[in-house]
Amino acid sequence: MIDAARSPWPDVAAHLAGPSGLAVLPFGALEQHGPHLPLSTDTLTAVELAHRLAGRLDAVLLPPVHYGDTWNNAGYPGTVSLAPGTVTAIAVDVGRAVSAAGGRALVVVNGDWGNRGPLYSAMRTLAADGIPAITLDHPGMAAAIEAVRESREAAPGLAHAEEVETSLVLAIDPAMVRTDRYVAEYPDFPTDFGTRPMQLHPFSASGVFGDPRTATAAKGETLLAATLQGCLDVLAGFVAGLPPR
Ligand SMILES: [Zn+2]
(Lines give C-alpha, C1' and ligand atoms only; values in the text may rest on other atoms or scores of the structure.)
Protein backbone atom coordinates (compact mmCIF):
# COMPACT_ATOMS: atom_id res chain seq x y z
CA MET A 1 0.00 0.00 0.00
CA ILE A 2 1.16 3.51 -0.70
CA ASP A 3 -0.38 6.81 0.43
CA ALA A 4 -0.38 9.01 -2.68
CA ALA A 5 -0.68 12.32 -0.82
CA ARG A 6 2.47 11.56 1.18
CA SER A 7 4.57 10.06 -1.62
CA PRO A 8 6.68 11.37 -4.54
CA TRP A 9 5.30 10.72 -8.01
CA PRO A 10 7.80 8.06 -9.14
CA ASP A 11 6.82 5.88 -6.15
CA VAL A 12 3.10 6.24 -6.91
CA ALA A 13 3.68 5.60 -10.61
CA ALA A 14 5.63 2.44 -9.81
CA HIS A 15 2.89 1.22 -7.53
CA LEU A 16 0.15 1.87 -10.12
CA ALA A 17 2.23 -0.14 -12.62
CA GLY A 18 2.61 -2.99 -10.12
CA PRO A 19 0.61 -6.19 -9.70
CA SER A 20 -2.33 -4.56 -7.88
CA GLY A 21 -2.64 -1.42 -9.99
CA LEU A 22 -5.69 -0.34 -7.98
CA ALA A 23 -6.33 3.16 -6.68
CA VAL A 24 -8.73 3.64 -3.76
CA LEU A 25 -10.60 6.96 -3.44
CA PRO A 26 -12.52 7.77 -0.23
CA PHE A 27 -15.52 9.98 -1.12
CA GLY A 28 -16.89 11.81 1.91
CA ALA A 29 -19.14 14.71 2.79
CA LEU A 30 -19.23 17.81 4.95
CA GLU A 31 -22.62 17.21 6.52
CA GLN A 32 -24.35 17.82 9.81
CA HIS A 33 -24.28 14.83 12.17
CA GLY A 34 -26.11 16.17 15.21
CA PRO A 35 -24.65 18.26 18.05
CA HIS A 36 -22.12 15.57 19.06
CA LEU A 37 -20.43 14.35 15.85
CA PRO A 38 -18.17 16.29 13.43
CA LEU A 39 -19.28 17.47 10.01
CA SER A 40 -16.61 15.13 8.59
CA THR A 41 -18.23 11.97 10.02
CA ASP A 42 -18.85 10.37 6.61
CA THR A 43 -15.36 11.33 5.40
CA LEU A 44 -13.79 9.77 8.52
CA THR A 45 -15.62 6.51 7.89
CA ALA A 46 -14.74 6.44 4.18
CA VAL A 47 -11.08 7.21 4.89
CA GLU A 48 -10.84 4.50 7.56
CA LEU A 49 -12.37 1.86 5.29
CA ALA A 50 -10.31 3.00 2.30
CA HIS A 51 -7.10 2.86 4.36
CA ARG A 52 -7.82 -0.68 5.53
CA LEU A 53 -8.89 -1.73 2.04
CA ALA A 54 -5.78 -0.27 0.38
CA GLY A 55 -3.67 -2.19 2.88
CA ARG A 56 -5.38 -5.48 2.07
CA LEU A 57 -5.23 -4.88 -1.72
CA ASP A 58 -1.74 -3.36 -1.77
CA ALA A 59 -3.38 -0.43 -3.58
CA VAL A 60 -2.62 3.27 -3.96
CA LEU A 61 -4.59 5.21 -1.35
CA LEU A 62 -5.79 8.53 -2.77
CA PRO A 63 -6.56 11.53 -0.54
CA PRO A 64 -10.25 11.90 0.26
CA VAL A 65 -12.87 14.15 -1.29
CA HIS A 66 -14.11 16.03 1.78
CA TYR A 67 -17.38 17.22 0.16
CA GLY A 68 -20.34 15.35 -1.26
CA ASP A 69 -23.95 15.67 -2.37
CA THR A 70 -25.69 16.22 0.97
CA TRP A 71 -28.74 18.09 -0.31
CA ASN A 72 -31.08 16.50 2.22
CA ASN A 73 -29.02 17.92 5.12
CA ALA A 74 -28.37 21.30 3.47
CA GLY A 75 -30.92 23.01 5.75
CA TYR A 76 -28.55 22.64 8.70
CA PRO A 77 -25.97 25.48 8.73
CA GLY A 78 -22.45 24.06 8.43
CA THR A 79 -23.37 21.47 5.85
CA VAL A 80 -21.70 22.25 2.51
CA SER A 81 -23.28 20.29 -0.33
CA LEU A 82 -22.05 19.74 -3.88
CA ALA A 83 -24.41 19.50 -6.85
CA PRO A 84 -24.79 15.90 -8.04
CA GLY A 85 -23.05 16.76 -11.32
CA THR A 86 -20.02 18.02 -9.38
CA VAL A 87 -19.70 14.70 -7.52
CA THR A 88 -19.99 12.83 -10.80
CA ALA A 89 -17.42 15.08 -12.50
CA ILE A 90 -14.87 14.70 -9.67
CA ALA A 91 -15.09 10.91 -9.72
CA VAL A 92 -14.85 10.77 -13.52
CA ASP A 93 -11.83 13.09 -13.54
CA VAL A 94 -10.06 11.05 -10.84
CA GLY A 95 -10.80 7.80 -12.69
CA ARG A 96 -9.45 9.17 -15.95
CA ALA A 97 -6.34 10.52 -14.21
CA VAL A 98 -5.66 7.19 -12.49
CA SER A 99 -6.02 5.39 -15.81
CA ALA A 100 -3.76 7.87 -17.60
CA ALA A 101 -1.18 7.36 -14.85
CA GLY A 102 -1.10 3.62 -15.55
CA GLY A 103 -3.57 2.43 -12.93
CA ARG A 104 -5.65 -0.66 -13.61
CA ALA A 105 -8.90 0.40 -11.91
CA LEU A 106 -10.49 2.95 -9.58
CA VAL A 107 -12.20 1.78 -6.39
CA VAL A 108 -14.39 4.43 -4.76
CA VAL A 109 -15.24 4.00 -1.08
CA ASN A 110 -18.38 6.08 -0.63
CA GLY A 111 -19.13 7.51 2.80
CA ASP A 112 -22.43 9.29 2.17
CA TRP A 113 -25.86 8.18 1.01
CA GLY A 114 -26.34 11.27 -1.19
CA ASN A 115 -23.29 10.41 -3.31
CA ARG A 116 -24.73 7.07 -4.43
CA GLY A 117 -26.61 8.23 -7.53
CA PRO A 118 -23.93 10.69 -8.70
CA LEU A 119 -21.14 8.15 -8.21
CA TYR A 120 -23.10 5.48 -10.08
CA SER A 121 -23.39 7.93 -12.99
CA ALA A 122 -19.62 8.44 -12.81
CA MET A 123 -19.03 4.68 -12.97
CA ARG A 124 -21.19 4.50 -16.10
CA THR A 125 -19.20 7.27 -17.77
CA LEU A 126 -15.90 5.61 -16.88
CA ALA A 127 -17.18 2.25 -18.14
CA ALA A 128 -18.06 3.91 -21.45
CA ASP A 129 -14.47 5.20 -21.55
CA GLY A 130 -13.19 1.64 -21.02
CA ILE A 131 -11.88 2.49 -17.55
CA PRO A 132 -12.71 -0.15 -14.90
CA ALA A 133 -14.22 1.48 -11.81
CA ILE A 134 -16.49 0.48 -8.96
CA THR A 135 -18.21 2.24 -6.06
CA LEU A 136 -18.60 0.53 -2.69
CA ASP A 137 -21.56 1.67 -0.57
CA HIS A 138 -20.84 -0.03 2.76
CA PRO A 139 -21.40 -3.62 1.57
CA GLY A 140 -21.93 -5.92 4.54
CA MET A 141 -22.72 -3.11 6.96
CA ALA A 142 -26.51 -3.54 7.02
CA ALA A 143 -26.26 -7.12 8.31
CA ALA A 144 -23.69 -6.07 10.92
CA ILE A 145 -25.96 -3.24 12.07
CA GLU A 146 -28.77 -5.75 12.66
CA ALA A 147 -26.38 -7.78 14.83
CA VAL A 148 -25.13 -4.93 17.07
CA ARG A 149 -27.93 -2.36 17.18
CA GLU A 150 -29.65 -1.97 20.55
CA SER A 151 -31.65 1.19 19.78
CA ARG A 152 -34.66 1.51 17.50
CA GLU A 153 -33.98 2.92 14.02
CA ALA A 154 -35.70 6.20 13.12
CA ALA A 155 -36.80 4.87 9.71
CA PRO A 156 -35.97 1.71 7.77
CA GLY A 157 -32.34 1.87 6.66
CA LEU A 158 -31.80 5.34 8.12
CA ALA A 159 -28.59 5.61 10.19
CA HIS A 160 -27.81 9.23 10.90
CA ALA A 161 -25.91 10.57 13.93
CA GLU A 162 -27.39 7.78 16.05
CA GLU A 163 -26.04 4.53 17.53
CA VAL A 164 -24.43 3.34 14.29
CA GLU A 165 -22.61 6.47 13.16
CA THR A 166 -21.64 7.44 16.70
CA SER A 167 -20.15 3.96 17.23
CA LEU A 168 -18.16 4.33 14.01
CA VAL A 169 -16.59 7.63 15.09
CA LEU A 170 -15.96 6.30 18.63
CA ALA A 171 -13.97 3.49 16.99
CA ILE A 172 -12.08 5.73 14.54
CA ASP A 173 -11.38 8.90 16.53
CA PRO A 174 -13.08 9.06 19.95
CA ALA A 175 -11.77 12.58 20.61
CA MET A 176 -14.15 13.77 17.86
CA VAL A 177 -17.27 12.64 19.77
CA ARG A 178 -18.88 15.10 22.22
CA THR A 179 -20.37 12.46 24.48
CA ASP A 180 -21.83 15.13 26.80
CA ARG A 181 -24.13 16.28 23.98
CA TYR A 182 -26.02 13.07 23.19
CA VAL A 183 -29.71 13.55 22.39
CA ALA A 184 -32.22 11.10 20.91
CA GLU A 185 -34.77 12.18 18.32
CA TYR A 186 -37.43 10.06 16.66
CA PRO A 187 -39.21 12.22 14.08
CA ASP A 188 -42.72 11.59 12.78
CA PHE A 189 -42.11 10.97 9.11
CA PRO A 190 -44.88 11.22 6.52
CA THR A 191 -45.87 7.99 4.77
CA ASP A 192 -44.07 9.09 1.59
CA PHE A 193 -40.73 9.64 3.38
CA GLY A 194 -37.89 8.12 1.40
CA THR A 195 -39.90 7.87 -1.80
CA ARG A 196 -39.17 11.39 -3.06
CA PRO A 197 -36.51 14.07 -2.39
CA MET A 198 -37.13 15.54 1.06
CA GLN A 199 -34.90 17.76 3.16
CA LEU A 200 -34.37 16.57 6.71
CA HIS A 201 -34.24 19.72 8.86
CA PRO A 202 -38.04 19.99 9.33
CA PHE A 203 -38.02 16.56 11.00
CA SER A 204 -35.22 16.86 13.61
CA ALA A 205 -34.11 20.02 15.40
CA SER A 206 -30.85 18.42 16.57
CA GLY A 207 -30.02 16.61 13.32
CA VAL A 208 -30.04 13.26 15.15
CA PHE A 209 -32.24 10.53 13.67
CA GLY A 210 -32.38 7.81 16.30
CA ASP A 211 -30.48 7.44 19.57
CA PRO A 212 -26.68 7.73 20.03
CA ARG A 213 -26.66 6.80 23.74
CA THR A 214 -26.08 3.08 23.17
CA ALA A 215 -23.06 3.69 20.91
CA THR A 216 -19.73 2.05 21.76
CA ALA A 217 -16.32 1.88 20.09
CA ALA A 218 -16.55 -1.93 20.13
CA LYS A 219 -19.74 -1.81 18.04
CA GLY A 220 -18.05 0.61 15.66
CA GLU A 221 -15.09 -1.73 15.23
CA THR A 222 -17.47 -4.64 14.54
CA LEU A 223 -19.21 -2.54 11.87
CA LEU A 224 -15.91 -1.49 10.28
CA ALA A 225 -14.54 -5.04 10.20
CA ALA A 226 -17.76 -6.41 8.68
CA THR A 227 -17.83 -3.66 6.06
CA LEU A 228 -14.17 -4.21 5.16
CA GLN A 229 -14.96 -7.90 4.60
CA GLY A 230 -18.04 -6.91 2.56
CA CYS A 231 -15.86 -4.67 0.39
CA LEU A 232 -13.30 -7.45 -0.13
CA ASP A 233 -16.09 -9.91 -1.06
CA VAL A 234 -17.51 -7.51 -3.68
CA LEU A 235 -14.06 -6.69 -5.04
CA ALA A 236 -13.07 -10.34 -5.47
CA GLY A 237 -15.34 -10.59 -8.51
CA PHE A 238 -14.46 -7.13 -9.78
CA VAL A 239 -10.70 -7.76 -9.68
CA ALA A 240 -11.13 -11.23 -11.22
CA GLY A 241 -12.84 -9.55 -14.19
CA LEU A 242 -10.02 -7.07 -14.84
CA PRO A 243 -7.59 -7.61 -17.73
CA PRO A 244 -4.64 -9.62 -16.37
CA ARG A 245 -1.31 -7.96 -15.71
ZN1 LIG B 1 -23.29 10.06 7.92
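**Around helix H3**

Tutor: The buried residues of helix H3 are covered by elements that include helix H1 (9-16), strand E2 (22-27), strand E4 (105-110) and helix H4 (116-128), where contact means heavy atoms within 4.5 Å. Helices (H or I, at least four residues) and strands (E, at least two) are DSSP runs, numbered from the N terminus. This is a predicted model, in which local features need pLDDT of at least 70 and side-chain atom pairs count only at pLDDT 80 or more, while totals for chains, interfaces and linings use all residues. Residues are numbered from 1 along each chain as its sequence is written, and side-chain values use heavy atoms, with hydrogens and water left out.

Student: Which residues of H3 are buried?

Tutor: They are Val 87, Thr 88, Ala 91, Val 92, Gly 95 and Val 98, with buried meaning under 20% relative accessible area, exposed over 50% and partly exposed in between (1.4 Å probe, protein chains only). These residues cover an arc of only 130° around the axis, which puts them on the same side of H3; the arc is that of the directions from the helix axis to the C-beta atoms.

Student: OK, new topic: in what order do the strands of the sheet come?

Tutor: The five strands form an open sheet in the order E1-E3-E2-E4-E5, with parallel pairing, and two strands pair if DSSP finds at least two bridges between them. Strand E1 (2-3) and E5 are the edge strands, each pairing on one side only.

Student: And how many bridges join E4 to E5?

Tutor: Four bridges join these parallel strands, and Val 107 stands opposite Ile 134 in E5. On the other pairing, E2 and E4 run parallel over six bridges, where Leu 25 has Val 108 in E4 as its bridge partner.

Student: Which residues of E5 are buried on each side?

Tutor: Ala 133 and Thr 135 are buried on one side of E5, and Ile 134 and Leu 136 are buried on the other, so both faces of this strand (residues 133-136) are covered.

Student: Last one, which residues are the protein donors of the zinc ion?

Tutor: They are His 33 (NE2), Asp 42 (OD) and Glu 165 (OE), lying 1.9 to 2.1 Å from the zinc ion. Donors are N, O and S atoms within 2.8 Å of the metal (3.2 Å for Na, K and Ca), and water is not among the atoms, so sites may look incomplete.

Student: Why does His 33 count as buried?

Tutor: His 33 counts as buried because its relative accessibility is 0%, and Asp 42 counts as buried at 3%.
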